Amino acid sequence: EFAMRVLVTGATGFVGSRIVSELTEAGHEVVAVGGPESSTQYFVDVACAKSVETLLSIGSADVLIHTASLAHRFAKVPESAFQTVNVNGVENVSNLAARLGVRHFLLFSSTLVYGRRNGKSVVVEGMDCRPQGIYAQSKLDGEFAAKRICEQNAIDLTIFRPSPIVGEASKGNFARLIEAIDKRRFVMVGDGLNRKSLIYVGDVAKAAVAVISQGGDKTQVFNLTGEDVRMIDIVRTIEENLEKKILPVAIPIGPVKFLINAASKLFRRERLSEIASTFDTWLAHDVYSSEKLMAAYNFESETDISTAIKLETAYYLKQK
């Protein structure tokens, strides 16, 4: 194993910052690239080709890890922005990789590209993708863009599709769940026996370093996930770490979904649609296999989910 020069986009973000730390600890030279308002040495708008081209000034890089993207957050974002950042942005960064002589491109996508699966099957990489919503579609289109450009330029491409990532400073649905339980705004809907695959952010960073250290192999796609746990156990672990209890009642799924869906169609309120989407997220059975990554790179996550939840909850309490 030898030290490499690695360019990381989204270097100040939730995942990118952990990858930068892991790379530095492993002895690699890191070129950290943040967004337009970041404090990194290099900062670009990935959606702007001319902005990305300013990174040609670094001369060369062995590996490029692209974590910068527009996530499916809860603020109002125009739909066109997902295309601009998550598709055009990937094209711009892939073209940069070619011009810098990069040998291996690592792209972060999402398990959301698979869409919701009916039943309780475990999702593996060979299954067809049925993205639902503009965010998921943009992540899949970004994969296609990277594949096209990397194959044209003989760059090894590794695509990671991580399951929901938990850990200190997360900003997604999981962070909202912790806050809702803390403020006693959460009520369990259903029996909570549906299972969720999660992964700790530190293990995501370790996976990235493991893969680039061992090298790529043309175009590869891997699910990136840790253990799967029951929804009820996720809630109980958060309760335990917050030292708070949710209401000791479980509302049946059917009536709740019926009322929310009926109200959102009747009133066309965006807030109701958002609530319906959140319920669908938490009630779904989302289990992904990472056996392919284990077989190819002998990598599996180290951090159990109860520990990851404990770390994220402690961070939440400290920041509150």
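1. Basis of the note. This is a predicted model, in which local features need pLDDT of at least 70 and side-chain atom pairs count only at pLDDT 80 or more, while totals for chains, interfaces and linings use all residues. Residues are numbered from 1 along each chain as its sequence is written, and side-chain values use heavy atoms, with hydrogens and water left out.

2. Overall content. The protein chain holds 11 helices and 13 strands. Helices (H or I, at least four residues) and strands (E, at least two) are DSSP runs, numbered from the N terminus. Of the 320 residues of the chain, 50% count as buried; buried means under 20% relative accessible area, exposed over 50%, and partly exposed in between (1.4 Å probe, protein chains only). Among contacts in the chain with a separation of 6 or more, 80% come from residues 24 or more positions apart. Contact means heavy atoms within 4.5 Å.

3. Helix α6 (201-214). α6 has 14 residues and reaches 20 Å from its first C-alpha to its last, close to the 20 Å expected at 1.5 Å a residue. The expected span is 1.5 Å times one less than the number of residues. Because 11 of the 14 residues of α6 are buried, the helix is largely enclosed by the rest of the structure. Among the buried residues are Val 201, Asp 203, Ala 207, Val 211 and Ile 212.

4. Lys 218 sits in the loop between α6 and β11 (219-224). Phi of Lys 218 is near 55°, a positive value in a residue other than glycine. Most residues other than glycine have a negative phi. Lys 218 is exposed, with a relative accessible area of 65%.

5. Helix α7 (residues 231-242). The 12 residues of α7 should span 16 Å at 1.5 Å a residue, and the end C-alpha atoms are 17 Å apart, which agrees. Buried in α7 are Met 231, Ile 232, Ile 234, Val 235, Thr 237, Ile 238, Glu 239 and Leu 242. Glu 243 follows α7 and has a positive phi, near 60°.

6. Packing of α7 on α11 (residues 305-319). The two helices pack at an angle of about 45°, with their axes 9 Å apart. Axes are lines fitted to C-alpha atoms, for helices over the stretch in contact, and angles run from 0 to 180 degrees between N-to-C directions. α7 and α11 are therefore oblique to each other; angles under 35 degrees count as roughly parallel, over 145 as roughly antiparallel, 65 to 115 as roughly perpendicular and the rest as oblique. The crossing of α7 and α11 is right-handed, a term used if the near helix is turned clockwise from the far one by less than a right angle, with left-handed for anticlockwise. On the α7 side the contact uses Ile 234, Thr 237, Ile 238, Asn 241 and Leu 242, and on the α11 side Ser 306, Ile 309, Lys 310, Thr 313, Tyr 316 and Leu 317. By class these are 6 nonpolar, 4 polar and 1 charged. Ala, Val, Leu, Ile, Met, Phe, Trp, Tyr, Cys and Pro count as nonpolar, Asp, Glu, Lys and Arg as charged, and the others, Gly among them, as polar.

7. Packing of α3 (residues 79-100) on α4 (residues 134-152). The axes of α3 and α4 come within 9 Å and cross at roughly 20°. That makes α3 roughly parallel to α4. α3 passes α4 in a right-handed crossing. The contact residues include Phe 82, Val 87 and Val 90 of α3 and Ile 134, Ala 145 and Ile 149 of α4. The whole contact has 8 nonpolar, 5 polar and 5 charged residues.

8. Asp 141 belongs to helix α4 and, at 24% relative accessibility, counts as partly exposed. Asp 141 and Asn 88 are 53 residues apart in sequence and 9.3 Å apart in space, C-alpha to C-alpha. Ala 154 is in the loop between α4 and β6 (156-162). Ala 154 has a positive phi of about 55° although it is not a glycine, and at 71% relative accessibility Ala 154 counts as exposed.

9. Ser 51. This residue lies in helix α2 (residues 49-53) and counts as buried at 17% relative accessibility. Leaving aside neighbours within four places in sequence, Ser 51 is in contact with Val 44 and Asp 45.
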